Amino acid sequence: MLRLFIGLLCWAAITTVAPSSSFGWGYPYRRSSSSTACPAQKWGFNNNPNYVVLATSNPSKKSQLLPMVINTWNFTDANAFAWRILQQSEGGLGQTRNAVVEGCTKCEQLQCDFAVGYGGSPNELGDTTLDALVMDGATMNVGAVAGLQGIKDAIQVARHVLEHTTHTLLVGNSASEFAKSMGFRSESLVTPESKLKWQNWKVGNCQPNFWHDVHPDPRISCGPYEPQAKPITSFKEDQARTEYQMDYKNHDTIGMIAIDVQQQIHVGTSTNGLDFKIPGRVGDSPIPGAGGYADNEAGAAVATGDGDIMMRFLPTFMAVEAMRSGKTPGQAAEASVQRILKHYTDFSGAVIAVNRLGEYAVVCYGMPEFSIVVSNPLQGTQVETVKCLA
């Protein structure tokens, strides 16, 4: 009976979060180190948290955190545009979908870091393809596109999938045909800069690339490739990415969250994927629960980084569900990243978690630091940069 009682106390500790301090900073709840306390690490606690809490508030300031817009990377123009839209109605009411769609559209138009929008990240054939997602935290409906070709307005097309179909995700040429039927103009996504980048890659024997266990040797030559007949080995499937240092500069997805004063949440993502990816490759950005996730009852999260790895763990879904169970945004974001690190220590990425009150935190790994942009009534618009986990 005593063991049962102690077990119940441990479970209560896991799902309890201490109130925010009077200074406005929230901290994870801690159990004592006495012999009757449950072991922190065994139950998923971290006695030395690695996350950085960027904004929590005491009860008197909570109303000042909403409405809000927050996004990955130092994409200030996109955030400013979304914030301007959110302010078109009092408290941002009815504007969260417009905010994330138009904010990400601005990034597509500006070709943010050449990792969003047209003219970036050519695949092995020299073509640029686009992925995008929009999610409604009230209805849980999603509209997404992947491998979109010949249409510049990826997140606008994703919105049309959300608003005009009962589907979740459209892909490839069929997604492009859908876009044209909705009135979007077909045009080339290749630019002189992206064409030159691809040509230089070809001259350099197609290095880096994402092949392994094929013939000819992908480390020294271009394809076409064929499977290499050999016994089963323990070759690490992501070894090629590590050897050629496919780092954070190669996947700067924009992920954006908007919340109004009534806690209506929308999430949007947009990217052109990885440089020199195999045609047909889709990353985490257009996958609900991977690139982004929203639920008005708990909060939202967006992720950016090595999508091939991160999508296997649905980090944004995991972060939102952690907040639903009582975790702080910092605890939730860290849990989702640590889950990935348990299996892959060579990935790079970041997760932003925001609860329904507008409190937020970010955890990153595999890069020196990570920047976000946030706008809310309490602090205006600002860029915040954190050091990443070592």
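Biologist: Where does D213 lie, between which helix and which strand?

Modeller: Helices (H or I, at least four residues) and strands (E, at least two) are DSSP runs, numbered from the N terminus, and D213 lies in the loop between α6 and β6. This is a predicted model in which local features need pLDDT of at least 70 and side-chain atom pairs count only at pLDDT 80 or more, while totals for chains, interfaces and linings use all residues. Residues are numbered from 1 along each chain as its sequence is written, and side-chain values use heavy atoms, with hydrogens and water left out.

Biologist: What is the phi of D213, and is D213 buried or partly exposed?

Modeller: Buried means under 20% relative accessible area, exposed over 50%, and partly exposed in between (1.4 Å probe, protein chains only). D213, although not a glycine, has a positive phi of about 55°, and with a relative accessible area of 27% it is partly exposed.

Biologist: How should I read F114, and where does F114 lie?

Modeller: F114 is a residue other than glycine with a positive phi, near 55°, and it lies in the loop between α3 (96-110) and β3 (130-136). Its relative accessible area is 45%, so F114 is partly exposed.

Biologist: Which residue does a cis peptide bond join to P208, and where is the place of P208?

Modeller: The cis bond joins Q207 and P208, with omega about 0°, and P208 has its place in the loop between α6 (192-203) and β6 (214-215).

Biologist: What is omega for the peptide bond from G223 to P224?

Modeller: That bond is cis, with omega near 10°, and P224 is placed in the loop between β6 and β7 (226-227).
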